[in-house]
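Please look through the sequence and the structure shown here, and then read the notes that follow, which are grouped by topic.

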Amino acid sequence: MQEDIFKRYSRQIFIEEIGLEGQKKIMASKILVIGAGGLGSPVIQYLAAAGVGIIGIADFDQVEPHNLNRQIIHTENEVGSLKIKSAEKFVNNLNHQVKVVGIEQKIDASNASEILFQYDIIVDGSDNFSTRYLVNDTCVSLGKTLVYGSILGFSGQVAVFNHQGSKNLRDIFPEPPFDEDMPDCDSLGVLGALPGIVGSMMALQTLKLITDLPVHLNQLTLIDTLNWRFQSLEF
């Protein structure tokens, strides 16, 4: 068994800070990814490739043609099917050792605690402020670490919230804006490679958290790919 693990994950195991013990932590972890869209796609892809033991995927949408420029785990053949089914198929084809738990539900106040409670780390790739704040607040109440990301146009944000008592989303943005007042990808668009960048950063932060590697807390990383600027905002 260890020989098979080494064959598959040797390039991770060779990293001094990870090693075989770190790989075992990855394989024993349970991660919830909220959203199988632009951000969720690269997160799911890289967590599955790394060998995360259980990946929960919460999404209730179907694959549509306009998703395909950025939601790279879905294909033309999956248009019209549920994203969680498409995501499960992708993961199974990539790494049969990973267990996928599809959650065909919208995360809301009635189910958030029950769903999030079952996982070690929550990765939020949702596309609206009401869900982001609900997920944040639920993580705070449950003591769960939250990996946060958002994208629009050429810009993105990444942060780790509520890790071992660190600050959370409301510490930097106390109240959500009204969703109807905010631009989104449906109205302003997004260049497909951007969620690949931001989602990969979210996946990397998640793997560092799993393996107990240091991450910057109380910090929001601002990504401007149009002008190629990366800034960190301490809060």
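In this predicted model, strand E4 (residues 121–124) is covered on both of its faces. Ile-121 and Val-123 lie on one side of the strand and Ile-122 and Asp-124 on the other, and all of them are buried.

**The partners of strand E4**

- Strand E1 (residues 30–34) runs parallel to E4 and is joined to it by four bridges, and within this pairing Ile-31 stands opposite Ile-121.
- E4 also pairs with E5 in the parallel sense, again over four bridges, and here the bridge partner of Val-123 is Val-147 in E5.
- The path from E4 to E5 includes helix H6 (residues 129–142), and these three elements make a right-handed β-α-β unit.

**From strand E5 to strand E6**

- Strand E5 (residues 145–152) and E6 run antiparallel and are joined by seven bridges, with Ser-150 standing opposite Gln-157 in E6.
- The two strands E5 and E6 form a hairpin with two residues between them, and in the turn Gly-153 has a positive phi of about 65°.

**Strand E6 and its surroundings**

- Strand E6 pairs with strand E7 (residues 219–224) in the antiparallel sense over four bridges, and Ser-155 stands opposite Asp-224 in E7.
- Because five of the seven residues of strand E6 (residues 155–161) are buried, this strand is largely enclosed by the rest of the structure.

Conventions:
Residues are numbered from 1 along each chain as its sequence is written. This is a predicted model: local features need pLDDT of at least 70, side-chain atom pairs count only at pLDDT 80 or more; totals for chains, interfaces and linings use all residues. Side-chain values use heavy atoms; hydrogens and water are left out. Buried means under 20% relative accessible area, exposed over 50%, partly exposed in between (1.4 Å probe, protein chains only). Two strands pair if DSSP finds at least two bridges between them. A crossover is right-handed if, with the strands pointing away from the viewer, the path from the first strand over the helix to the second runs clockwise.
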